[in-house]
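Here's a quick tour of a predicted model, written for someone who likes to know the cut-offs behind the words. Have the viewer open as you read.

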Amino acid sequence: MPTPILIDCDPGHDDAIAILFAARELDLVGITTVHGNAALPQTTRNALALCTLAGLEVPVVAGAAEPLVGVRSHAPDIHGRSGLDGAVLPEPDRAPLPGHAVDFIIAEAERRKGELVLAGIGPLTNLALALRREPRLASWLKAITIMGGSCTLGNVTPAAEFNVWCDPEAAAIVLGAGVPVWMVGYDLTRRVGFGQADIDRLRGSGRRVATTLADLLQFYLDRQRRVFGLEVAPMHDVCAIVPFVAPELIAHRPTAVVVELRGEHTRGATVCDLRDKRLTGTGGIQDAAPPNVQFATTAETRALIERVLATLLRYP
C-alpha cells in the first residue's frame, strides 16, 4: 500500500509539482497551507486551484499566517505576486475545510498512528504548533520529511535558506521533537530541476495539466535564470517526497542538525555536523553529536527528474 502523506506547504511552483507527484505516487491524505511564498489566503487558494486543475479530491486546510517570532516574508521575485504566476489556473471548485491546519494534522496523525509521513515543504510553523499542542504527536508520526535548510549556501542570506529563515524557531522545534526526520537542503535541491527541454516536453504532450504546468514552470525558470543564473527550474520540494517513492534516487546520511536563532549574520542557518569525531574544549577527541536527521547528500538528478516527469504526464 502507498505510504500515507500529509503535505504542509506554501504553493509555490515547486510545491505544485510536489503535490501532483505525491498525489499519484503516494496516499495523499490532505494538504495544509502556511505563509511563505505568498500570504496565507493566496497559498491556500493556489492549493485549491491545483486540486481543481488536476481533479484531486484531497482536503485542504489553512493554517498559520505568521511565523512564531518576527514578521512574515514572501517571495514575489521568484514566484510572482500570486505565489504561482505564469498560467491562468481554474477557479477553485471548493473551499478549504473549516478549522485550522494544526488540528487537522493532529487528527490525521492520531487516525494513522505509526503510518503517516508529514511533509513540511514551506515554513514549519504549522508543524511546530502541532507538536507543541499535542505532545503525543511525535510518537504518532512515522516520519517528517522537510525541504529546508542547507549545509552550505543559503538563498536568502549567505547562510540561510528561505523555508527555515521564514520561521527559524519553528524549524528548531521540529528538528528537536524526536521524530525521525528526513531533510533535503538547498545545497542539493538547487541542482535538481527542469531544464528548457523538460518544459518543452510537458508542453508538447498536449495534455491539459502538463501544458498548464509548462506555463508555470517557464515563468519559474525565467525567474531562476534572472535572479540566480540557473539553467534549471529547481524542484526543491519534490526532493522531500522522492525518498518515500524511490529512495534509491537520493542518498542520505545521519547528521546532527541545529538551527541558529541568534546570529546577526547567521539567523536561520542550519548547522550540519558532518564530522565523525570532534575536539573537546580540553583538547580531547569524542564522537560527533548524535544525529537527529537523515540529511540528503547526493541525488541521481536526471533519473529523479525523469521519474517526476513521467508521473506528471499521467495526468489528463
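How many nonpolar, polar and charged residues does the lining of the largest pocket have, by class? The lining has eleven nonpolar, eight polar and six charged residues. Here Ala, Val, Leu, Ile, Met, Phe, Trp, Tyr, Cys and Pro go down as nonpolar, Asp, Glu, Lys and Arg as charged, and the others, Gly among them, as polar.

Some ground rules. This is a predicted model, where local features need pLDDT of at least 70 and side-chain atom pairs count only at pLDDT 80 or more, while totals for chains, interfaces and linings use all residues. Residues are numbered from 1 along each chain as its sequence is written, and side-chain values use heavy atoms, with hydrogens and water left out.

**The pocket**

The largest pocket has a volume of about 390 Å³. A pocket is an open set of points on a 1 Å grid over the protein atoms alone, with protein on both sides within 12 Å along at least five of seven lines, and lining residues have an atom within 4 Å of a point. Its volume is the space filled by probe spheres set on those points. Among the 25 lining residues, Asn37, Ala75, Ile78, Asn155 and Phe162 sit closest to the pocket's centre. Helix α11 gives the most to the lining, with four residues. Helices (H or I, at least four residues) and strands (E, at least two) are DSSP runs, numbered from the N terminus.

Buried means under 20% relative accessible area and exposed over 50%, with partly exposed in between (1.4 Å probe, protein chains only). Skipping residues up to four places away in sequence, Ile241 touches Ile5, Ile7, Ala18, Phe21, Ala22, Leu26 and Ala119.

Strand β5 (residues 143-147) is largely enclosed by the rest of the structure, because five of its five residues are buried. Ala143, Thr145 and Met147 lie on one side, and Ile144 and Ile146 on the other. Two strands pair if DSSP finds at least two bridges between them.

| Partner of β5 | Sense | Bridges | Opposite residues |
|---|---|---|---|
| β4 (residues 117-120) | parallel | four | Leu118 and Ile144 |
| β6 (residues 181-184) | parallel | four | Val184 and Met147 |

In helix α4 (residues 101-111), the buried residues are Ala101, Val102, Phe104, Ile105, Ile106, Glu108 and Ala109. They pack against β1, β2 (27-33), β3 (60-62), β4, α5 (125-133) and α6 (137-140), with contact meaning heavy atoms within 4.5 Å.

Is Thr3 buried or exposed? Thr3 counts as buried, because its relative accessibility is 15%. Gly204, in helix α10 (residues 196-204), is exposed at 65%.

One backbone detail to finish: Pro11 and Gly12 are joined by a cis peptide bond, with omega about -10 degrees. Gly12 is in the loop between β1 and α1.

How values were computed. On a 1 Å grid over the protein atoms alone, a cavity is a set of points where a 1.4 Å probe fits but cannot get out, and a pocket is an open set with protein on both sides within 12 Å along at least five of seven lines; lining residues have an atom within 4 Å of a point.
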